[in-house]
Each structure stands twice: as C-alpha cells, then as structure tokens.
Amino acid sequence: MPVPSPSRTGPAGGTRRRRRGPRTWIAALPLLVFTGLCFGLPVAALLYGAVTGADPATGSTRLTGEHLRRSLQGPYLGSLIGSVQLSALTAVIGSVAGVLIAQAIVTSRRTWLRSATLTASGVLANFGGVPLAFAFIATAGISGVVTRLADLDSLGWNLYSFTGLAVVYLYFLTPLMVLVIIPALDGLRPQWREAAQNSGATGRQFWRLVGLPVLAPSLLGGFVLLFGSAFAAHATAAALVGGSVPLVTLKIADALSGNVLVGQENVALALSLDMIVIAGLVMAVYLPLQRRSARWLR
Amino acid sequence: MAAMTPTAQAAPAGPRPAPEKAPVRRQRLRQRRRPRVWRGLVLGLAGLYFLVPLLASVVFTVHTPGRGVSFEAYTGILGAEGFTDSLLLSLGLAAATIALVLLLAVPALVAVRLGAPRLRPVVEVMCMLPLVVPPIALVTGITTVLRWGPEHLSRTPLYQTFMAVQDENFPLVLVLAYTVLALPFVYRSLDAGLRAIDVPTLVEAARNCGASWAYVILRVILPNLRTALAGAAFLTLALVLGEFTIAALLGYQPFAVWIVTVSGAQARMSVAVSVLSLLITWALLLLLSRAGNGTRPAKSTATVAAAPSSSKDR
C-alpha cells in the first residue's frame with residue numbers, strides 16, 4: 001500500500017493527520033467499484049425497469065407508473081399483505097418467545113446451559129432455507145413422524161398453510177431473538193435491581209421503570225430484525241408451500257421464471273421495489289436502534 | 001445499601017444474601033422460587049419445539065413404517081446422481097467467493113483505518129446496503145442486467161464478458177452475487193477484528209523496524225486478524241452452501257437447489273442431506289467459537305452467528 005512511511009513524518013501526534021496520504025484510498029477503490037458494479041448496477045436496473053415500460057404504439061421506452069400500480073393491486077397486493085402479516089405475526093411471537101428463553105438463561109446460574117443455548121441458537125438461527133423446510137416436512141408434513149404419531153391430521157393441521165409456515169419460520173426467528181436480546185439482558189446490571197429493591201420497588205415496578213426502558217431499543221430492534229428476516233425469506237417457503245400461500249417472494253419468483261403471462265417481468269421488478277422500500281424502512285429503524293442499544297452491551 | 005454486587009459479571013440477577021431485615025428476605029425467597037417454575041417451563045417447551053423436528057427428521061430418514069430401520073437414505077447419498085457435482089460446484093463457488101470478498105474488504109478496511117478515515121462512512125454504507133435488498137430483489141435486478149447482454153450488447157466485446165460470467169460449469173455471476181450478499185457480514189467481522197487491535201501503532205512500529213509494506217500487511221496485520229478472517233470465511237461458506245434463491249432463479253444447480261430437485265423422487269434422502277448439513281453447520285460453528293480468542297467464547301459465537309441470520313437466504 002503506497003502510504004508515506006510514518007517514520008519520516010515526525011512525531012506521533014502529527015502523523016495521524018499527515019498519514020492521510022494522497023493514495024491510501026486507492027486500496028478501498030476495488031471494493032467501491034465492485035459494489036457499484038455488482039450491487040449498484042442490478043439495483044439501478046431494477047429501479048429503472050420498475051418505472052419504465054415499452055410504449056405499445058411507438059415501441060420506445062417511456063416512464064410509467066403502471067407496473068408499480070399493478071404491483072399494488074389484486075393478487076400482488078394480496079401477496080404483499082400476506083408477507084407483511086406473516087412477518088409481523090412471526091416476529092411478535094418470536095420476540096416474546098426469544099425474550100422469555102433468553103431471560104430464563106440469563107437468570108439461570110448454570111453456565112453450561114447458557115453456552116449450550118447460545119451455540120444452539122447460533123446454529124438454529126442459521127438453519128434456514130431448504131434444509132429447514134425438509135426437516136419440517138419430515139416432522140409435520142403429510143407423512144411426517146409427528147403427524148402420524150399424534151394424528152395431527154384429525155386436528156386439522158396442515159403444514160402447507162399460513163399457520164404451518166409461521167411455525168416453521170419461528171424455528172429460526174426465535175433463536176435469532178435470543179442471540180439479539182441476551183447481550184441486552186446481560187446489560188441489566190444486578191446492581192440496578194438491588195438498588196431498586198433497596199429503595200422499596202416491587203419486581204413489577206423495577207421492570208416498568210428500569211428494565212423495560214433500558215431494554216426497549218434492543219426489543220424493538222430485535223423485533224424489526226425478525227420482521228425483516230421473515231419478510232425476505234424465500235427458500236423455506238418455496239421448498240415448503242410452493243404457491244399455496246400468497247407471499248411476495250413467491251410471486252416474484254413466479255413472475256421471473258415465466259410461470260405467469262409474458263410481460264410480467266416489470267411487475268416482478270416493481271414488486272421487488274416494494275420489497276426494498278419495506279426492507280429499507282425496517283433497516284432504517286433497526287440500525288440506529290442497534291447503535292443505541294450497543295451502549296448497554298459493555 | 002447493604003448488598004451491591006461487586007462486579008457486573010457475577011451471576012446476573014442472582015439474589016445475594018446479605019445482612020438485611022426479615023421482610024426483605026421473605027420477598028427475595030418468594031422471588032427465588034417463582035422464577036424456577038417459569039424458567040423450567042419455558043426451557044422445557046423451547047427444548048421440545050427445537051428438538052422434536054431434529055429427532056423426527058432422523059427418525060424419518062432411518063425408519064420406514066412397516067419396513068423397519070435402514071440407513072439407506074444416508075448410504076445412498078454419495079452415489080446419488082448430481083450430488084458430487086452440485087456439492088463440488090457449491091464448494092468451488094464458496095472458495096471463490098471467500099477469496100474475492102476478503103481481497104476486496106481487507107485492503108479497503110485497513111486503508112480506511114490507516115489513512116483515509118473520511119472514507120469510512122462511505123465504505124460502511126457500501127458494505128451494509130446489501131442488507132436492505134432482499135436476495136430475491138437482487139436476483140430480479142441481476143436477471144434484468146443479464147438480459148441486456150443479448151439485447152443491447154451483442155456487437156460489443158462486453159457481450160463475451162456477459163457470456164463468460166454465465167458459464168454453466170462455473171457461473172461467475174453467482175460468485176459476484178454471493179460476494180455482495182456476504183459483504184455485510186464480512187464487514188462486521190473484520191471491523192470487530194480491526195477494532196480490537198491498534199492498526200496505526202502496529203504499522204508504525206513495524207515500519208520503524210524497517211519492515212516493508214508487504215511484510216507489514218502479511219506478517220503483522222493479517223495474523224492479528226486471524227480470528228476475524230476465519231469468522232468471515234466461515235460465515236461466507238455457510239451462506240454460499242445454503243443459498244437457494246439466486247442460484248435457482250438464475251437456473252444453476254448448486255447444493256441447495258439440488259436438494260430441492262432430488263426431494264421429489266427421494267424424500268428420505270433430501271431429509272437425510274438436510275440433517276447432515278445441520279450437523280456440518282454445527283461443527284463449523286463450534287470450530288469457529290473454539291478458534292475465537294477463548295476469553296469469551298460464548299459472546300463471540302453469539303455475535304458471529306447472529307450476523308448472517310439477518311439476511312441469509314431463506
């Protein structure tokens with residue numbers, strides 16, 4: 001890396017500034033060019049395709065809101081709503097379950113339990129996609145082991161439905177919440193609880209006035225992360241339900257692989273744009289929250 | 001103010017007996033007993049929910065109703081058509097992706113620390129942006145760009161590039177897409193690693209001792225980043241091995257796509273492969289936490305493992 005040698009630029013105080021040499025940034029250039037080309041270009045193409053279309057009369061390309069409008073109607077709107085509903089439901093349940101499990105581990109004094117749960121959460125949070133779908137097909141699918149043993153069919157159970165998908169999603173969302181929330185729960189210093197108790201506060205008062213306000217950014221951040229995770233999920237749903245549950249990722253995949261009418265590609269682009277907007281909102285909430293909650297991690 | 005726990009690390013929320021008055025003690029005793037019940041209940045239910053699918057998968061693969069136990073599903077995997085090809089393709093893609101993402105990210109991050117702090121927010125945003133774009137949206141963008149090849153560029157030399165990138169035997173386009181997907185996690189891992197060492201001081205010391213720049217990078221910086229590099233590589237490996245959406249929609253058949261293809265004819269085998277892939281992920285993560293600095297293994301596993309989940313392709 002062609003940077004002026006620090007040994008030649010005088011005392012340490014001055015070197016920091018002077019070492020911002022004229023060519024250090026060159027080392028960062030490949031990364032910037034790469035992201036520009038391989039990330040920026042597809043996203044730009046997506047945006048462009050979502051808002052333009054061929055004029056039927058002249059054949060020339062023109063600006064149109066047609067695709068976006070169609071992506072927000074009928075079955076496409078239904079799939080967006082379905083995705084948001086599924087993500088919100090699983091994020092709520094996953095957050096609550098994750099917090100309960102995390103609190104159970106944190107308050108337990110068994111260190112082996114803690115490290116085992118953390119490792120398991122790390123693995124399970126990553127156990128998404130296709131393998132997860134197959135594990136659940138083996139468990140609760142039509143000829144699954146539990147389906148046969150517990151006779152789930154007679155209970156009206158159907159894995160290939162909205163409920164079934166929610167149960168499957170929780171399998172990777174809950175461990176994710178555990179991983180996100182444990183540092184925050186650790187950040188609740190025992191001294192605070194003792195201080196509250198010594199001042200005569202009840203357990204409920206402690207949680208309402210100290211615990212929850214401190215945890216709030218992490219809780220909301222975790223919820224939003226779970227929502228985003230569930231919202232972007234495609235492989236699990238694709239391997240599990242095919243097309244029987246309306247989800248936006250499945251609709252996009254259908255439109256891209258030409259399973260629907262020709263000329264739907266632009267609607268797929270518009271749907272992707274809708275997804276990016278929603279995911280962008282999610283991240284806009286998550287990243288600042290994560291930074292805020294990082295305060296309690298140390 | 002009788003009982004103040006001396007360190008924050010000591011047993012969180014663990015009530016500490018101390019000289020105190022009777023009513024307080026009774027209150028604590030009550031608090032001690034109640035959590036035990038709900039803790040057991042919560043952990044028991046969670047254990048049930050998380051273990052049953054794993055056990056059921058194993059049972060499903062080895063036990064056929066009416067025919068008893070057999071391990072055919074596992075023994076047949078190696079000989080299954082397409083298994084070796086798809087696995088080798090996935091491993092090759094993973095190796096290429098790891099090499100590319102580290103070659104891009106390491107110099108950029110070190111440079112930002114050393115001499116271009118004003119670039120730092122730019123690099124951070126560039127690395128984090130892929131989190132905002134779900135894989136399925138990225139792949140719609142990629143197909144659009146790839147369609148330009150035949151449509152607009154067929155007379156230009158760029159066309160050859162477009163074709164080469166989509167080579168059936170080794171689709172470079174997947175490497176490029178995976179690199180984009182891996183960037184946020186690699187960035188986090190490397191950033192945490194760099195944060196732990198004082199790069200300018202290390203470089204100054206090494207340069208003052210007469211080391212060349214290549215020596216500084218290869219023998220001073222990189223060894224100090226070993227854990228972070230290993231973490232980034234493992235995360236990328238896991239991401240590439242499990243990726244389905246982009247490969248399936250672009251029409252290639254790496255490992256995850258192969259499992260789905262084979263599931264139609266051989267349900268048992270697809271579940272067996274899923275079980276194996278979980279075991280492999282588990283082994284990799286354990287390895288990763290062992291490779292971590294050992295001082296706080298639990299925490300490093302947690303942060304490293306939490307990272308990919310936020311946008312890993314599902």
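**Chain A and chain B: interface and fold**

Chain B and chain A bury about 9100 Å² between them, with 72% of it on carbon and sulfur atoms; buried area is the accessible area (1.4 Å probe) that two parts lose on being put together, summed over both. This is a predicted model, in which local features need pLDDT of at least 70, side-chain atom pairs count only at pLDDT 80 or more, and totals for chains, interfaces and linings use all residues. Residues are numbered from 1 along each chain as its sequence is written, chains are lettered from A in the order in which they are written, and side-chain values use heavy atoms, leaving out hydrogens and water.

**Interface**

- Helix 1 (residues 22-62) of chain B supplies 18 residues, the largest share of the side of chain B that touches chain A.
- By residue type, that side of chain B has 72 nonpolar, 20 polar and 14 charged residues; Ala, Val, Leu, Ile, Met, Phe, Trp, Tyr, Cys and Pro count as nonpolar, Asp, Glu, Lys and Arg as charged, and the others, Gly among them, as polar.
- In contact (heavy atoms within 4.5 Å) are 106 residues of chain B and 106 residues of chain A.
- Zero salt bridges are counted between chain B and chain A (a side-chain nitrogen of Lys or Arg within 4 Å of a carboxyl oxygen of Asp or Glu).

**Chain A**

- Chain A has 13 helices and two strands, taken as DSSP runs (helices H or I, at least four residues; strands E, at least two) numbered from the N terminus.
- Of the 298 residues in chain A, 53% are buried (under 20% relative accessible area, 1.4 Å probe, protein chains only).
- Among contacts in chain A with a separation of 6 or more, 67% join residues 24 or more positions apart.

How values were computed: Buried < 20%, exposed > 50% of the residue type's maximum accessible area, 1.4 Å probe, protein only.
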